[in-house]
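Hi everyone, and thanks for coming. Please have a look at the sequence and the structure while I talk you through a few of their features.

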Amino acid sequence: MAQVVLENIYKSFPNAGKAEKVKSPLQPLIASVEETAPDLNSVNVLRRINLTVADGEFMVLVGPSGCGKSTLLRLIAGLEEMTGGNIWVGDALVNDLPPKARDIAMVFQSYALYPHMTVYDNIAFGLRRGASGEQNKDLASWGKNALSGMTRRFPAPLRYKSDREQEVDKRVKNVASLLQIEALLLRLPKQLSGGQKQRVALGRAISRNPQVFLMDEPLSNLDAKLRAETRAQIVKLQRQLGTTTIYVTHDQTEAMTMGTRIAVMNLGQLQQVARPLELYNRPATKFVAEFIGSPPMNFLEVEFQSPLGISHPLFSFNLPKVWEKALSKYDRQPLILGIRPEHLSQGDAAPSNLPVQVDLIEALGNETYLSVSPTNSANVASMQVRIPPDRPVSYQDRLWLSFPPDKLHFFDPDTGKAIWHD
Ligand SMILES: Nc1ncnc2c1ncn2[C@@H]1O[C@H](COP(=O)(O)OP(=O)(O)O)[C@@H](O)[C@H]1O
Ligand SMILES: [Mg+2]
């Protein structure tokens, strides 16, 4: 087992159609920091990624589709070449090592099973291939292993099992029992459901006992119920095995429920790396605040007046004193106020509260979501409110929403960075 260290990782792809003009894709990117003029000959997919995944940690990499997650995993696996940066697995710098030499196993969204092989052989494949280098040193063991291969499809009493094959057999059965797929070992992939295929793909990765697992959206093809079950299984399995894991998903629920820590990515850059609840409670950017949490955080553009005034065309109030220092440089400047749907509460008709009208009610049974829009204001986007299920609300009701002072988030309108008080 090992920690994984990513240092200043860059990746650019030649721009389609202009690829022939790129003299060396390496030079322009390493030399340029993001702020300099963009290099039109290449697309910068990953920009200065720094991340340390601790030994045995379950790290989830989450971000919208196209932000570069798969590319980063492929770089770690060695399936793609980096444009710049370093990758360590344990103490080894693996930049120039081929995928096989990195001791990493990857699980993909498309299970990538060999269709003509049984579940057993799919799991055994990597083990047989992995071992052949060492064990076929002499002619005798080559002969034994070849005989094993030839008689593999024979009825059990006629099968010849070399020492290596017995070792493989033990491992396959071990992994099958761990994943509860013993009964499926003789089936072909086409005879399996999606969930079963995914477990076989996991089995194939686990059987090699690698230093690191990389998983790229392995649950995307499963239906919601199976996804939730398999999610829990993977987490449990990873705890049991203790293998350092980097798990990619675009789904924030998956990220929040599975990760020891979560790395949030957008547009090829890491936004924040933190434990799930820290991301939720203290998002470092507006992007993270919006991406983590469902329904997402609401944002309102307000103006700040020193020392503690917040004003909006429809409401105004004073902040607690803790905010004074952090916000002092925004005097008479716009600010983005963020508030989560579950933190907006119903208040009285008062100048400090926001008058809204209910546009949509979604009663889920255990809770109710309201979509509301500020009254008398055409240009304020609709907002989401979460209320207890027993609160009576009807379509087009008018409500006054109040802003609990300890639940407010503020973001710089230019940089999107969160502003925190001490
Ligand atoms: N081989 C490639 N050549 C050119 N562009 C690519 C290549 N692979 C990925 N990209 C681009 O890199 C970006 C990130 O892709 P990807 O890593 O697959 O994102 P994600 O997995 O987060 O959805 C996308 O804009 C994609 O179009
Ligand atoms: Mg992807």
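Predicted model: local features only at pLDDT ≥ 70, side-chain atom pairs only at ≥ 80, totals over all residues.

Residues are numbered from 1 along each chain as its sequence is written, while chains are lettered from A and ligands numbered from 1 in the order in which they are written.

Let's start with the domains, whose bounds come from an automatic or database domain assignment. Domain 1 covers 1-103 + 210-294, domain 2 covers 119-206, and domain 3 covers 295-419. Between domains 1 and 2, 8 residues of domain 1 are in contact with 6 residues of domain 2; contact means C-beta atoms, placed from the backbone, within 7 Å. Helix H7 gives the largest share of domain 1's side, 4 residues.

So what does H7 look like? Helices here are DSSP runs of H or I with at least four residues, strands are runs of E with at least two, and both are numbered from the N terminus. H7 spans residues 224-241, 18 residues in total, and reaches 26 Å from its first C-alpha to its last, close to the 26 Å expected at 1.5 Å a residue; that expected span is 1.5 Å times one less than the number of residues.

Which residues of H7 are buried? They are Arg227, Arg231, Ile234 and Gln238. Buried means 20 or more other C-beta atoms within 10 Å of a residue's own, exposed means 12 or fewer, and partly exposed is in between, with C-beta atoms placed from the backbone. On the other side, Lys225, Ala232, Lys236, Arg239 and Gln240 are exposed. The buried residues pack against strand S3 (58-62), strand S8 (244-249) and helix H8 (252-258).

Now the cores. A nonpolar core is a set of buried Ala, Val, Leu, Ile, Met, Phe, Trp, Tyr and Cys residues joined through C-beta atoms within 7 Å. The largest has 80 residues, and Val264 is among those with the most contacts inside it. A second, separate core of 7 residues includes Ile310, Trp323, Leu327 and Phe410.

Finally, Val322 sits in the loop between strand S13 (315-318) and helix H11 (324-327). Val322 is partly exposed, because 13 other C-beta atoms lie within 10 Å.

How values were computed
Contact = placed C-beta atoms within 7 Å.
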